[in-house]
Amino acid sequence: GGEANSGRNRREAVFSLEFFTPRKASEVDHLLGLIGRLVARGPAFCDLTWRSGSLATDDLTLEVTAKMQNAVPVETMMHLACTNMPVQRIDRALERIKSDGVQNVLALRGDPPNGQDKFVPVPDGFASALELVEHIKAKYGDYFGITVAGYPEGHPDVIGSEGVASDDAYQNELAYLKRKVDAGADLIITQLFFDTDIFLKFVNNCRQVGITCPIVPGIMPIATYKGFVRMTGICKTKIPAEVSAALEPIKHNDEAVRNYGIHLGTEMCKKILASGIKTLHMYTFNKEVSALAILMNLGLIEESGVSRSLPQRHPSKVLPV
Ligand code: FAD
């Protein structure tokens, strides 16, 4: 029954929380306050996104990362993308967070700069996340725990007009993902998805090609209809028919959409945990309500604050598979 289930979840499953870097320095205190409240609920780690291209905010990202690690404090992972980043600028960021005691990086290629559709590396920059992982390993050894991105439906570049990747493209992505792991990544976090079976199949397929590290599902609670349409458009996410059918009649009712998002996120996570996956990654979009409600429904956090313990260092190296 439900009780036995949530008891088991409480003991075994862990979660991580993702935040995006604010655009302005004036928004930092608000974000740190939010993170502090959520850290009291015991995430294994929190991560902060990297703004690429024309939105780049290196210094602000580095500053918030350091404050998360040392002032909140919480075990922190910084995303780092290669868009418009010569290696000197990459190393400036890595040296800085290293000196601030941050030990975790999500190594990304990044999207093409605004207005371009093909990713072209800058001179003296990296062409792929694989090259970034190789660089981090070569230059920093085991100092950083390294996470990489995985795409259960295939990277948007290989998703065709029918909304799916060809078998060949999908297999190429798996082989390439294995190269990222072999080059030194300890952990995979996935792109958002709404078809849980696609995620579970992806995990199986990763195991079949010899990827053994934890594969953590990226869960995006649907918070607003507009945000849902925007993100699923960018990521070319498959939307199951029942999700469209549920959203269509309520799309102008923000509260109903949010409640449905919590319900759907809870059901997806239950199924994922039942399959044996032990870590959930929540895309918070810098809001607390939906992520908290889902974690509470799952029995992963208590109604009122749980006691706070600083999680282990290098979570990417120690999370349960
Ligand atoms: P890569 O791993 O380099 O892969 C990109 C594509 O190229 C894939 O299709 C891959 O198969 C193909 N490819 C590359 N090299 C090879 C090769 N040698 N052989 C065969 N195929 C190859 N973006 C941001 O700007 N900031 C963020 O903070 C951010 N956070 C993210 C977090 C997560 C969990 C995810 C899933 C994505 C995030 N992104 C972020 C988006 C990401 O930058 C884009 O999806 C980007 O287009 C690809 O980055 P990547 O690291 O997956 O690239």
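My entries follow in that order.

**Set-up.** I am working on a predicted model, where local features need pLDDT of at least 70, side-chain atom pairs count only at pLDDT 80 or more, and totals for chains, interfaces and linings use all residues. Residues are numbered from 1 along each chain as its sequence is written.

**Sheet.** I took strands (E, at least two residues) and helices (H or I, at least four) as DSSP runs, numbered from the N terminus. Two strands pair if DSSP finds at least two bridges between them. I found an open sheet of 9 strands with parallel pairing, in the order β7-β6-β5-β4-β3-β2-β1-β9-β8. β7 (215-216) and β8 (218-219) are the edge strands, each pairing on one side only. I then checked β1 (14-19) against β9 (279-283): they pair in the parallel sense over 5 bridges. L17 stands opposite M282 in β9.

The ligand is surrounded by 23 residues, the closest being T49, H79, R109, A129 and H155. β3 (76-81), β4 (104-108), α5 (129-140) and α6 (167-182) each give two or more residues to this shell. α6 gives the most, with 3 residues.

**A149.** This residue is in strand β5. Is A149 buried or exposed? It counts as buried because it has 20 C-beta neighbours inside 10 Å (buried means 20 or more, exposed 12 or fewer, partly exposed in between). Its C-alpha atom is separated from that of L108 by 6.9 Å, at 41 residues apart along the chain. Leaving out residues up to four places away in sequence, A149 touches L108, A129, I189 and Q191 (contact: C-beta atoms, placed from the backbone, within 7 Å).

Notes. A residue is near a molecule or strand if its C-beta atom, placed from the backbone, lies within 6 Å of it. Two residues are in contact if their C-beta atoms, placed from the backbone, lie within 7 Å.
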